[in-house]
Amino acid sequence: MLIGVISDTHIPERAENIPEIVFEIFKDVDLILHAGDLVSLSVKKHLEAINPTVCVQGNMDRYIGLKLPERKKLNLEGVKIGLTHGEVYPRGDTQQLRYIGLEMDVEVLITGHTHWSFIKKLPDMLLLNPGSPTVPRLSDPSVMIIEIDDGKLEAKIVKIGDPICKALNFKKD
């Protein structure tokens, strides 16, 4: 099973649309997971045009009133996966994210919120974050591809462009 993972798209609040390269990367996936901060349900509709899409609510979704679940637990080919925005402070705090994963009783926890991607292997859990394809935070714009085969999960961060810092209105030439 091939899964596309995306988060923090912030459309139309901070970006006009999902970059076309994301649709190319996701064209062969069986499922798409969005870890929150869609900001508009049009994002889900565009992704569902490719394949089934599961979304959870991010802090900005909650702020504007999008009705999405805060957490979703999936059993995909025998792997227990949790999907949540991961709204913890400091952002990306491994200990707090691990506790969320333990509460959800999952082997893999997928989050967003940081706007930077990571793959962190803990003794009892794998933490994944696809970053943001539209508004990365001092990192490369990115998404993630997960492959599950015979109960084994492999995750890969896919960079889709050059690093930019919209917060500072800075772009390297």
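Here is a tour, stop by stop, starting with the ground rules.

This is a predicted model, where local features need pLDDT of at least 70 and side-chain atom pairs count only at pLDDT 80 or more, while totals for chains, interfaces and linings use all residues. Residues are numbered from 1 along each chain as its sequence is written, and side-chain values use heavy atoms, with hydrogens and water left out.

**Stop 1: the sheet**

Colour β3, β2, β1, β9 and β10, in that order: these five strands form an open sheet with mixed pairing. Strands (E, at least two residues) and helices (H or I, at least four) are DSSP runs numbered from the N terminus, and two strands pair if DSSP finds at least two bridges between them. At the edges sit β3 (53-55) and β10 (152-159), each pairing on one side only. On average, neighbouring strands in this sheet are turned by 20° against each other, ignoring direction. For such angles, axes are lines fitted to C-alpha atoms (for helices, over the stretch in contact), and values run from 0 to 180 degrees between N-to-C directions.

Next, zoom in on β9 and β10. How many bridges join β9 to β10? Eight, and the two strands run antiparallel. Select S142 and you'll find it standing opposite K159 in β10.

**Stop 2: two cis peptide bonds**

Select I11 and P12: a cis peptide bond joins them, with omega about 5°. P12 lies in the loop between β1 (2-6) and α1 (20-25). Then jump to Y89 and P90, also joined by a cis peptide bond, with omega about 5°. P90 is in the loop between β5 (79-84) and α4 (94-104).

**Stop 3: positive phi**

Click on D37, in the loop between β2 (31-34) and α2 (41-48). D37 isn't a glycine, yet its phi is positive, near 65°. Is D37 buried or exposed? Its relative accessibility is 2%, so D37 counts as buried (buried is under 20% relative accessible area, exposed over 50%, partly exposed in between, using a 1.4 Å probe and protein chains only).

H113 is another non-glycine residue with positive phi, near 75°. Look for H113 in the loop between β6 (108-110) and β7 (117-122); at 1% relative accessibility, it counts as buried.

**Stop 4**

Finally, select V135, in the loop between β8 (125-130) and β9 (142-149). V135 is buried, with a relative accessible area of 7%.
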